[in-house]
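Please read the following briefing alongside the sequence and the structure, which are shown just below. The points are grouped by topic.

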Amino acid sequence: MNTRHFLRLGLGLSLALGLTGLAGGAAAQALTPDEAQLVARVRQHTPAALQLLERSVLINSGTLNPAGVREVGALFAQEFEALGFKTRWVDMPAEMRRAGHLVAERTGDQGQRVLLIDGDLRRPRLHRTCP
């Protein structure tokens, strides 16, 4: 099984399980209009999400490749900026030989809200035992 197939299989399974949990319970209880709209939007945007995931995973961004980690950060910075976030890159000290962190912020005037998303921009390594 190649990396792309493995990636699509894993993401497809995750999405299927998530949608099953949300829509599968419809047999016991009907979805509200808001829930049905959410499920429809997830289904509508799934192909683009899969493409973004594939693009990010195919970037060589291992721990010892700071340039690759920064490239993944730039990819996600574009996505956050399209949603109205301001992004910046925070470098790590040079002696650490690590890439740094992507910070995305969005301000508003409707009270204080904080959302912290901590993601690892390094490429996951597949174990040799994977087919």
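Among the contacts in the protein chain with a separation of 6 or more, 42% are accounted for by residues 24 or more positions apart. The model is predicted, and the protein chain averages a pLDDT of 77, with 68% of the residues scoring at least 70.

**Confidence**
- Confidence in the protein chain is lowest in helix 1 (residues 3-23), where the mean is 52, and highest in helix 3 (residues 66-82), where it reaches 93.
- Over residues 127-131 the pLDDT falls below 50, and this stretch has 1 contact in the model beyond near neighbours in sequence.
- Where pLDDT is low, the predicted coordinates should not be read in detail.

**Fold and surface**
- The protein chain has 3 helices and 2 strands, and from the N terminus on these elements run α-α-α-β-β.
- Of the 131 residues in the protein chain, 15% are buried.
- The protein chain exposes about 10,400 Å², of which carbon and sulfur atoms supply 56%.

**Aromatic rings and a charge**
- The structure holds 1 aromatic pair: the rings of F80 and F85 have their centres 5.3 Å apart and their planes at 70°, over the 60 degrees required, so the pair is edge-to-face.
- F80 counts as partly exposed because its relative accessibility is 23%, which lies between the limits of 20% and 50%.
- F85 likewise counts as partly exposed, at 21% relative accessibility.
- The ring of F85 also has the charged end of R106 sitting over it, 5.9 Å from the ring centre.

Technical notes:
Residues are numbered from 1 along each chain as its sequence is written. This is a predicted model: local features need pLDDT of at least 70, side-chain atom pairs count only at pLDDT 80 or more; totals for chains, interfaces and linings use all residues. Side-chain values use heavy atoms; hydrogens and water are left out. pLDDT is the predictor's confidence in each residue, from 0 to 100. Helices (H or I, at least four residues) and strands (E, at least two) are DSSP runs, numbered from the N terminus. Contact means heavy atoms within 4.5 Å. Buried means under 20% relative accessible area, exposed over 50%, partly exposed in between (1.4 Å probe, protein chains only). Accessible areas come from the Shrake-Rupley method with a 1.4 Å probe; for residues, only the protein chains shown count as cover. Rings of Phe, Tyr and Trp (its six-membered ring) pair if their centres lie within 6.5 Å; planes under 30 degrees apart count as stacked, over 60 as edge-to-face and the rest as tilted. A charge sits over a ring if NZ of Lys or CZ of Arg is within 6 Å of the ring centre and within 35 degrees of the ring normal.
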